[in-house]
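Q: I have a model open and would like to talk it through slowly. Can we go piece by piece?

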Amino acid sequence: MNWADPEIVTQALGGVAVLLIFLSYQFNGRKGILALISAGMIFLAIHQLLLGAYAGVAANSLTLVRNLVFYFKNDDVRLQHPLWPYGFTAAIVPSVLVFWQGWHSILPALAVVSLTFAFWANDTRTIRLLSIVGSLFWLPYAIVINSIPTMAIQVVIISSIVLAMMRFDRKPF
């Protein structure tokens, strides 16, 4: 086995993304979630670039910018304007058109829209609930582009969210 094989490197980068994104939902604060998801998105964007999945790269790149703005949302009054999520939603549309590779190119955009509103929320319970919707858009895209790490990430995200919901979101009867 040649560790420098491009296929191994591509899948390994995706594997790092899986780990970081899994760990992100175990934080009980939105900044921790956003920070680790952003780190995972960097690895995932590189992974998808190497696969030639440009709609995914564009979606993850926009996600990084969005997460940076949302990370500082509560620290800077200018970043608290309620139009920010709608601006990011509008920004994803041109990337779908520019990087159109077929019907599946719309799926990362729909995921970004869903996750934009998830991460705009301040409470982690809402973040977790709305994040599941994003995974339901990413999963079929991952299947189409044949990205095992992206498929794994979606399963990991859903599993991690369910675990975190059990840990943090249960209401006593």
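Q: Which residue follows α2, and what is its phi like?
A: Keeping in mind that this is a predicted model, the residue that follows α2 is Gly 52, and its phi is positive, near 80°.

Q: And the helix itself, how many residues does α2 have and how far does it reach?
A: Helix α2 runs over residues 30-51, which gives it 22 residues, and from its first C-alpha to its last it reaches 30 Å, close to the 32 Å expected at 1.5 Å a residue.

Q: Which residues of α2 are buried?
A: The buried ones include Gly 32, Ile 33, Leu 34, Ile 37, Met 41 and Leu 44, and Arg 30 and His 47 are also among them.

Q: What covers them?
A: The cover for the buried residues of α2 includes α1 (6-24), α3 (54-71), α5 (106-120), α6 (124-145) and α7 (148-169).

Q: How does its radius of gyration sit against a compact globule?
A: For 173 residues a compact globule would have a radius of gyration near 16 Å, and the protein chain agrees with that because its own value is 16 Å. Along the principal axes, its C-alpha atoms fill a box of roughly 50 × 35 × 25 Å.

Q: What share of the residues is buried?
A: Buried residues make up 45% of the 173 in the protein chain. As for the surface, the accessible area comes to about 8,600 Å², and 74% of that belongs to carbon and sulfur atoms.

Q: What about the largest nonpolar core, which residues have the most contacts inside it?
A: That core has 35 residues, and those with the most contacts inside it are Tyr 25, Phe 70, Phe 119, Tyr 141 and Ile 153. Two or more residues come from each of α1, α2, α3, α4 (84-98), α5, α6 and α7, and the largest share, seven residues, comes from α5.

Q: New topic: how many aromatic pairs does a search of the whole structure find?
A: It finds six aromatic pairs. One of them is Phe 70 with Phe 88, which is edge-to-face, at 5.7 Å centre to centre and with 85° between the planes. Phe 70 lies in helix α3 and Phe 88 in helix α4, so this pair ties together parts that are 18 residues apart in sequence.

Q: Are those two buried or exposed?
A: Phe 70 counts as buried because its relative accessibility is 0%, and Phe 88 is buried too, with a relative accessible area of 6%.

Q: Why is the pair of Tyr 86 and Phe 117 called edge-to-face?
A: Their ring centres are 5.2 Å apart and their planes are at 70°, so the pair is edge-to-face. Tyr 86 lies in helix α4 and Phe 117 in helix α5, so the parts tied together are 31 residues apart in sequence. Tyr 86 counts as exposed at 51% relative accessibility, whereas Phe 117 is partly exposed at 29%.

Q: Which residues form an aromatic cluster?
A: Phe 70, Trp 84, Phe 88 and Trp 120 form one.

Definitions and conventions. Residues numbered from 1 in each chain as written. Predicted model: local features only at pLDDT ≥ 70, side-chain atom pairs only at ≥ 80, totals over all residues. Heavy atoms only, no water. Helix = DSSP H or I, 4+ residues; strand = E, 2+ residues; numbered from the N terminus. Expected span 1.5 Å × (residues − 1). Buried < 20%, exposed > 50% of the residue type's maximum accessible area, 1.4 Å probe, protein only. Contact = heavy atoms within 4.5 Å. Core = buried A, V, L, I, M, F, W, Y, C linked by side-chain atoms within 4.5 Å. Rg over C-alpha atoms; globule rule 2.2 N^0.38 Å. Areas by Shrake-Rupley, 256 points an atom, 1.4 Å probe, with all protein chains shown as cover. Phe/Tyr/Trp six-rings, centres within 6.5 Å; stacked < 30°, edge-to-face > 60°.
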